[in-house]
Amino acid sequence: MDDLIRAVLEFRDERDWRRFHNPKDLAISIALEAAELLEHFQWKTLEDVEAYVKDAGSRARVGQEMADVLILLISLADAAGVDLL
């Protein structure tokens, strides 16, 4: 986990994004990305979802949204001084 946190923060710092990473905006961004994740499952039955995540392309797209949420959550923890561990 420490390596992941370090990689996320290095990625942010290389792009000079820290100035945009305040708790309010990061929390909003997490909600927006979580909504994008939910779109993959909206209106699907449980059986549809099982089939959807078995498809490699769909699973990759879901994984990308999950990664976005995780990256933003790590960034929010850093901005708010929260130790996720």
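**Pocket lining and helix packing in a predicted model**

Arginine 12 touches Trp17, Arg18, His21 and Asp78, leaving aside residues up to four places away in sequence; contact means heavy atoms within 4.5 Å. The model is predicted, so local features need pLDDT of at least 70 and side-chain atom pairs count only at pLDDT 80 or more, while totals for chains, interfaces and linings use all residues. Residues are numbered from 1 along each chain as its sequence is written, and side-chain values use heavy atoms, with hydrogens and water left out.

Arginine 12 sits in helix 1. Helices (H or I, at least four residues) are DSSP runs, numbered from the N terminus. Arginine 12 is buried, at a relative accessible area of 2%. Buried means under 20% relative accessible area, exposed over 50%, and partly exposed in between (1.4 Å probe, protein chains only).

Arg12 also belongs to the lining of the largest pocket, together with Val8, Phe11, Trp17, Phe20, His21, Asp25, Leu26, Ser29, Ile71, Leu72 and Ser75. A pocket is an open set of points on a 1 Å grid over the protein atoms alone, where a 1.4 Å probe fits, with protein on both sides within 12 Å along at least five of seven lines; lining residues have an atom within 4 Å of a point. The largest pocket holds about 190 Å³ of space. Grid points are joined across faces, edges and corners, and the volume is the space filled by probe spheres set on the points. Helix 1 (2–14), helix 2 (23–39) and helix 4 (56–80) each contribute at least two residues to this lining. By class, the lining has seven nonpolar, three polar and two charged residues. Nonpolar covers Ala, Val, Leu, Ile, Met, Phe, Trp, Tyr, Cys and Pro; charged covers Asp, Glu, Lys and Arg; the others, Gly among them, are polar.

Serine 29, one of the lining residues, is found in helix 2. Serine 29 is partly exposed, at 27% relative accessibility. Its C-alpha atom is separated by 17 Å from that of phenylalanine 11, 18 residues apart along the chain.

Two packed helices are described by the angle between their axes and the distance between the axes. Axes are lines fitted to C-alpha atoms, for helices over the stretch in contact, and angles run from 0 to 180 degrees between N-to-C directions. Helix 1 and helix 4 pack at about 85°, with axes 10 Å apart. Helix 1 is therefore roughly perpendicular to helix 4; that term covers angles of 65 to 115 degrees. In this contact, Leu4, Ile5, Val8, Leu9 and Arg12 of helix 1 meet Leu70, Ile71, Ile74, Ser75 and Asp78 of helix 4. The contact of helix 1 with helix 4 has seven nonpolar, one polar and two charged residues.

Helix 3 (residues 46–54) packs on helix 4 at an angle of about 95°, with the axes 5 Å apart. Helix 3 is thus also roughly perpendicular to helix 4. Tyr52, Val53 and Lys54 of helix 3 meet Ala56, Ser58, Arg59, Arg61 and Val62 of helix 4. The residues of this contact divide into four nonpolar, one polar and three charged.

Most residues other than glycine have a negative phi. Aspartate 16 is not a glycine, yet has a positive phi of about 55°. Aspartate 16 lies in the loop between helix 1 and helix 2 and is partly exposed, at 45% relative accessibility. From aspartate 16 to leucine 32, 16 residues apart in sequence, the C-alpha to C-alpha distance is 22 Å. Tryptophan 43 has a positive phi near 70°. Tryptophan 43 lies in the loop between helix 2 and helix 3 and is exposed, with a relative accessible area of 78%.

Methods: Parallel < 35°, antiparallel > 145°, perpendicular 65-115°, else oblique.
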